[in-house]
Amino acid sequence: MDKIQLRDALMAQLWRMYKMDIMLYLREFLVGETALLECIASHGEELTPSAISDEAHLSRARTATILRALREKEYITMDVADDDRRKMNVRITEAGIKHLAEKHGFLASYFDKYVEVLGEKNISELTALLKLTADSESKLKGRFPEEPSNGD
């Protein structure tokens with residue numbers, strides 16, 4: 001195979017993977033409510049909405065919308081900061097921790113099925129290739145063509 005065929009084959013398989021159910025469940029941890037709840041939980045302390053927005057790479061407005069939904073579900077609390085009445089502090093609640101634990105449990109059982117289906121040897125090889133891919137990201141920076149403008 002030449003480089004173009006290799007590139008096209010890689011892209012085709014990545015698109016197929018993107019459409020898989022497993023990716024749907026993983027995406028939950030990358031965007032939206034679960035991602036923000038995971039961000040808050042991983043800090044183990046209170047955060048401001050702007051810190052959450054920065055870490056999640058979301059607009060302040062989108063972050064506020066998601067935080068409002070999480071608060072309505074009682075997965076987080078938002079209180080005015082003692083040291084600065086203009087700031088809000090966000091904390092995960094026990095209900096939020098339980099909700100995340102359930103999500104993690106489901107994802108773990110889903111991946112257990114993949115290990116069963118693909119086998120330990122294949123999973124080990126796939127894991128090594130994914131690690132190599134993630135580790136190579138820094139080598140790729142600055143080597144890409146400029147992304148086309150989206151008209152903004």
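The largest pocket is lined by 19 residues, among which Met17, Met20, Leu118, Leu126 and Leu130 lie nearest its centre. The structure is a predicted model, in which local features need pLDDT of at least 70 and side-chain atom pairs count only at pLDDT 80 or more, while totals for chains, interfaces and linings use all residues. Residues are numbered from 1 along each chain as its sequence is written, and side-chain values use heavy atoms, with hydrogens and water left out.

**The largest pocket**

- The volume of the largest pocket is about 640 Å³, a volume being the space filled by probe spheres set on grid points that are joined across faces, edges and corners.
- A pocket is an open set of points on a 1 Å grid over the protein atoms alone, where a 1.4 Å probe fits, with protein on both sides within 12 Å along at least five of seven lines; lining residues have an atom within 4 Å of a point.
- Helix 1, helix 2 (21-27), helix 6 and helix 7 (120-135) each supply at least two residues of the lining; helices are DSSP runs of H or I with at least four residues, strands are runs of E with at least two, and both are numbered from the N terminus.
- Helix 7 gives the largest share of the lining, 6 residues.
- The lining consists of 15 nonpolar, 3 polar and 1 charged residues; Ala, Val, Leu, Ile, Met, Phe, Trp, Tyr, Cys and Pro count as nonpolar, Asp, Glu, Lys and Arg as charged, and the others, Gly among them, as polar.

**Helix 3 and Ala35**

- Helix 3 (residues 32-43) has 12 residues and reaches 17 Å from its first C-alpha to its last, close to the 16 Å expected at 1.5 Å a residue; the expected span is 1.5 Å times one less than the number of residues.
- Gly32, Thr34, Ala35, Leu36, Leu37, Cys39 and Ile40 are buried in helix 3, where buried means under 20% relative accessible area, exposed over 50%, and partly exposed in between, with a 1.4 Å probe and protein chains only.
- The cover over these buried residues includes helix 4 (49-56), helix 5 (60-72), strand 1 (76-80), strand 2 (88-92) and helix 6 (94-118).
- Ala35 counts as buried because its relative accessibility is 11%.
- Not counting residues up to four places away in sequence, Ala35 touches Glu28, Phe29 and Leu30, contact meaning heavy atoms within 4.5 Å.
- Just after helix 3, Gly44 takes a positive phi of about 65°.

**Tyr18 in helix 1**

- Tyr18 belongs to helix 1 (residues 3-18) and is partly exposed, with a relative accessible area of 42%.
- Beyond its neighbours within four places in sequence, Tyr18 is in contact with Met23 and Arg27.

**Ser53 in helix 4**

- Ser53 is placed in helix 4 and is buried, with a relative accessible area of 1%.
- The side chains of Ser53 and Arg60 are joined by a polar contact of 3.1 Å; such a contact is a pair of N or O atoms within 3.5 Å, where within protein one must be able to donate a hydrogen and the other to accept it, and residues adjacent in sequence count only if both atoms are side-chain atoms.

**Positive phi in two loops**

- Most residues other than glycine have a negative phi.
- His57, in the loop between helix 4 and helix 5, is not a glycine but has a positive phi of about 60°.
- Glu74, in the loop between helix 5 and strand 1, has a positive phi near 65°.
- His57 is exposed at a relative accessible area of 73%, and Glu74 is exposed at 56% relative accessibility.
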